[in-house]
Amino acid sequence: MIDLHSHILPGIDDGAKTLEVSLEMARIAVDDGIRTMACTPHIYPGMYMNDGPGIAAARDALQAELDQAGIALQLVVGADVHLVPGLIDGLRSGQVPTLHGSRYFLLEPSHTTPPPRLEESVFNLIASGYTPVITHPERLTWVEGHFPVFQRLIGQGAWMQVTAGALTGMFGPRAKYWGERFVGDGLTHLLATDAHSNGRRRPRLSEGLAVVERLVGAQEARRMVLERPQAVLDNAPPQEHELPQKEAARPTLIRQWLSRFRSRA
């Protein structure tokens, strides 16, 4: 499997705090069947002042440690990017790294507030030749009132990445409901760990993958953790990818989701 969202680089954001934690995260990932992992620390002006050259250097250093320790995990560069002024210029200059130098990059909306002019901003990014991958929409506090926005963003050409742990209940029933909704409605392109540690938020895809298989089948699950991530690394045009698949029993599932979600509200 390929994990395109992780905070495994030590000491540069709210992810791994030490090299020892990074190495243990890598061991957990390999044990789970992950063979390639994108190092995607936050880039957020005023809080996490990372940039492309710095992330690449940190990736190289950690890869050397993994190789020396005999941990068979291949690392690639990326970033978890916020929507800020000058983003397109940053992408063009390499100060904001895309995933493995491709046209794809992780775009993290604010967790608590809908970004102003989000659809316009995403349109401009796509028109500039980039494919934003919106990270963990299921965990945003404003998803309930803006679900059609995400559908329209996909229509523009954006991708969606759901967190594996959300599907297993790690982030609570609300995130689980919306994670299953995005997957079941055919609105999820990638499954990733968004791992931050070797503890609660460890880099494991397999449990979430089992939920995806139940919702949309094994073939679509494979696309989320192998075929589409590999196409991202190969910088294949997005129109060449198989579109996300919907659950065949969708009406029944939605009634189950709504009943379960309301009972926990």
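Q: Why is the crossing of H1 and H2 called right-handed?
A: A crossing receives this name if the near helix is turned clockwise from the far one by less than a right angle, and is left-handed if anticlockwise. In this predicted model, helices H1 and H2 cross in the right-handed sense. Their axes, which are lines fitted to C-alpha atoms over the stretch in contact, lie 11 Å apart and pack at an angle of about 65°.

Q: What makes the contact of H1 with H2?
A: On H1 the residues are Leu19, Ser22, Leu23 and Ala26, and on H2 they are Leu62, Glu65 and Leu66; contact means heavy atoms within 4.5 Å. By class there are five nonpolar residues, one polar and one charged. Glu65 of H2 belongs to this contact, and Glu counts as charged.

Q: How do you know that the length of helix H1 agrees with its number of residues?
A: Helix H1 (residues 19-32) has 14 residues, and at 1.5 Å a residue it should span 20 Å; the expected span is 1.5 Å times one less than the number of residues. The end C-alpha atoms of H1 are 20 Å apart, so the two values agree.

Q: Which residues of H1 are called buried, and what do they pack against?
A: Buried means under 20% relative accessible area, and the residues of H1 in this class are Val21, Ser22, Leu23, Met25, Ala26, Ile28, Ala29 and Asp32. They pack against strand E2 (36-39), helix H2 (52-69) and H8. Just after H1, Gly33 has a positive phi of about 100°.

Q: Why is H7 called oblique to H8?
A: The axes of helix H7 (residues 173-184) and helix H8 (residues 206-216) come within 10 Å and cross at roughly 50°. Angles under 35 degrees count as roughly parallel, over 145 as roughly antiparallel, 65 to 115 as roughly perpendicular and the rest as oblique. H7 is therefore oblique to H8. The crossing is right-handed.

Q: Why is His100 called partly exposed?
A: The relative accessible area of His100 is 43%, and partly exposed lies between the buried limit of 20% and the exposed limit of 50%; His100 therefore falls in this class. Its place is in the loop between helix H3 (87-93) and strand E6 (104-108), and its phi is near 60°, a positive value in a residue other than glycine.

Q: What makes Asn235 partly exposed?
A: The relative accessibility of Asn235 is 29%, so Asn235 counts as partly exposed. Asn235 is in the loop between helix H9 (218-233) and helix H10 (250-264).

Notes:
Residues are numbered from 1 along each chain as its sequence is written. This is a predicted model: local features need pLDDT of at least 70, side-chain atom pairs count only at pLDDT 80 or more; totals for chains, interfaces and linings use all residues. Side-chain values use heavy atoms; hydrogens and water are left out. Helices (H or I, at least four residues) and strands (E, at least two) are DSSP runs, numbered from the N terminus. Buried means under 20% relative accessible area, exposed over 50%, partly exposed in between (1.4 Å probe, protein chains only). Axes are lines fitted to C-alpha atoms, for helices over the stretch in contact, and angles run from 0 to 180 degrees between N-to-C directions.
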